[in-house]
Amino acid sequence: MKLSNGFFITRRENPKDESILATKLLIKSGMVIKNTNGVYSYLPMGLRVLKNIKNIIRKEMDNINAEEVLMPVMSKYSESDFLTEEFNFLDRDNNRLKLFSSARELFSYLASFKVRSYKDLHFTLYQINHNFRDEEHVEYGLVRKKEFYTLESYSFDSDEGGLDVSYDKMFLAFKKIFSKLGLDTLVVRSSEGLLSEEFQVISKEGDNKVVKCTRCSYACNIEDATTSTITTVKEVVQKNKEIIKTPGVKTIRDLSEYLDIFPSRILKTIVIKVDNKYKMALLKGESELNIKKLKLLFKTNNVVIPTTYELEKMGIHTGYVGPIDAEIEIIADNEVKSMFNAVCGSNKKGYYYINVNPGVDFKVNRYADVKLFDSNSLCPRCKSKAEILKGIEVGHIFKLETNYSKEYNLKYTDEINEEQYVHMGSYGIGLDRCVDAIVEKHHDDKGIIWPVDIAPYKVAIVILNIDDSESFKYAKKLYEKLNDLGVDTILDDRKESVGVKFNDIDLIGIPIRITVGRKLESGYVELKLRNNEKSTDIKIDVILSKVLEEINNYVI
Ligand SMILES: [Zn+2]
């Protein structure tokens, strides 16, 4: 591609409406533009990056015999979809349709056309397509898009043993893909019950939190990390509860300052709605509620925290909610069991109770692990200190077993003619997330440093003086030769200053820069690698072999 008539837009300034560094760089370097929150376009350079990622994925999918299909992005909306974040709309005939956040149901449907007997299994299908989600938090740039590209793959096996083999093959394929993308991933467990693992790129700009033990190999998504409590039973004198006036106090922090006590002495009370029924959840003051754990506990997806407006309308004073005399089911975190002479809301505006004791002053219907893992929590496996790290989830693999085949009635007949459910595995990679994570991991203050297999072009030829016909002629010939050899090359033949050209080539992260200038007369061009400050003069008669050698050896 010749830059003089290419669609090439770079910016000097950081985009103002973007907070993620990698996405800022992608916009500055003209790889993507933002259309609206959570919605981006890939420009020619960025699209080449995306295509290169797709090629790497396709190659590894081929290697494990997975076959590519292409599904529609929309389907009929059903009532059971109401809690998902899927977009839905009415068509001209008043049919409600949805845009898929995952095409799982289509893959199961497709498999049903083939699967009759055990002889029809095993196989693996995949697609690389758009998915859509009405994402609430879109402040993470390319990491959280409303419309995003994914690899979505499913394996279909007759039994657990077959699924284990498929899962392990895919696990290794994912490892290879991420390594080719230049991404170090931490594999963390997620989801209780079913085996599921996430590939997380540890990054301070990640939208996920993961727990990693400092001693053993335990690593888990924070939402799935079990918290273990070491309770030391103390001989305590339980006092009688008292109501006290607390003017101006509304939050746990206010209360802890007003009474000069640690937040761990305060009972945090949260009203929750489970399958449209109000309940109360109790935690130690400094803890956060883990909604995912509540969903598992109540075996439903329908767990929400009502809005302040909804609660105030019911006469509930948010900020003063407490469990005493509450006539609804109370679920308390295991840590609450060991609290004594605690402080809690009185359900009366401006008043709190002190010296409150669980089991004495109020009844707990159920104790369970419902808090989010925090800095005080210990590794559930070895009880050592655990770190909480931020990560970008780039891949996720699940052993679905027969859960979805039951939902979609995907069955086969076995050797003795009995009906069995198909064992499925599900595997996904977020392509936009990969783009963002690669840039996050590989950049400097000049711009992006793409791994050679991802770079939009491998070589950039810069003509120092565009008016020098000898330089121009040689550069054009070299450009054509490299492209003929299959080395994707751009020719910077713009009428710009050399400073602008160098800055742009650095910004867009092209691995090899060849500058054609004054030394051409004596038979030399200058070669510089993006990952190295030094430049070298290379004789023009060996430039082609030198470029091929540098491409093979380029490591970032
Ligand atoms: Zn541990």
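**Strand pairing and helix packing in the predicted model**

Thr269 stands opposite Leu282 of strand β15, in an antiparallel pairing that joins β14 (residues 267–274) to β15 (residues 277–284) over eight bridges. Strands are here DSSP runs of E of at least two residues, helices are runs of H or I of at least four, and both are numbered from the N terminus; two strands are taken to pair if DSSP finds at least two bridges between them. The model is a predicted one, in which local features need a pLDDT of at least 70 and side-chain atom pairs count only at pLDDT 80 or more, whereas totals for chains, interfaces and linings use all residues. Residue numbers start from 1 along each chain as its sequence is written.

The hairpin of β14 and β15 has two residues between its strands, and Asp275 adopts there a positive phi near 45 degrees. Strand β14 also pairs with β16 (residues 303–304), in the antiparallel sense and over two bridges, with Val303 of β16 as the bridge partner of Val274. Strand β15, for its part, runs parallel to β17 (residues 330–333) and is joined to that strand by three bridges; Leu282, the residue opposite Thr269, has Ala332 of β17 as its bridge partner. These strands belong to an open sheet of five, with the order β16-β14-β15-β17-β20 and mixed pairing, in which β16 and β20 (366–368) are the edge strands, each pairing on one side only.

An open sheet of three strands has the order β13-β19-β18 and antiparallel pairing. Its edge strands, β13 (242–245) and β18 (342–345), each pair on one side only, and the twist from one strand to the next averages 35 degrees. Strands β13 and β19 (residues 351–356) run antiparallel and are joined by four bridges, and Lys245 is placed opposite Tyr351 of β19.

Among the helices, α2 (residues 44–63) is described here through its packing against two others. The axes of α2 and α9 (residues 431–441) come within 10 Å and cross at roughly 110 degrees, where axes are lines fitted to C-alpha atoms, for helices over the stretch in contact, and angles run from 0 to 180 degrees between N-to-C directions. Angles of 65 to 115 degrees count as roughly perpendicular, those under 35 as roughly parallel, those over 145 as roughly antiparallel and the rest as oblique, and α2 and α9 are therefore roughly perpendicular to each other. Residues are in contact if their C-beta atoms, placed from the backbone, lie within 7 Å; Ala, Val, Leu, Ile, Met, Phe, Trp, Tyr, Cys and Pro count as nonpolar, Asp, Glu, Lys and Arg as charged, and the others, Gly among them, as polar.

The axes of α2 and α4 (residues 160–180) likewise come within 10 Å, crossing at roughly 155 degrees, which makes α2 roughly antiparallel to α4. This crossing, too, is right-handed. The contact involves Ile56, Ile57, Glu60, Met61 and Asn63 of α2 together with Ala173, Lys176, Ile177 and Lys180 of α4, and by class it has five nonpolar, one polar and three charged residues.

Helix α1 (residues 21–28) is mostly covered, with six of its eight residues buried, namely Ala22, Thr23, Leu25, Leu26, Ile27 and Lys28. A residue counts as buried if 20 or more other C-beta atoms, placed from the backbone, lie within 10 Å of its own, as exposed if 12 or fewer do, and as partly exposed in between. The buried residues of α1 pack against β1 (32–36), α2, α9, β25 (443–444), β26 (447–448) and α11 (498–507), and just after this helix Gly30 has a positive phi of about 75 degrees. Tyr309, by contrast, lies in helix α7 (residues 308–313) and counts as exposed because it has 9 C-beta neighbours inside 10 Å; its C-alpha atom is separated by 22 Å from that of Glu329, 20 residues apart along the chain.

For the protein as a whole, the secondary structure comes to 12 helices and 31 strands, and the C-alpha trace spans about 95 × 70 × 55 Å along its principal axes. Of its 556 residues, 37% count as buried, while 69% of the contacts with a separation of 6 or more are between residues 24 or more positions apart.

Conventions
Left-handed = near helix turned anticlockwise from the far one by under 90°. Contact = placed C-beta atoms within 7 Å.
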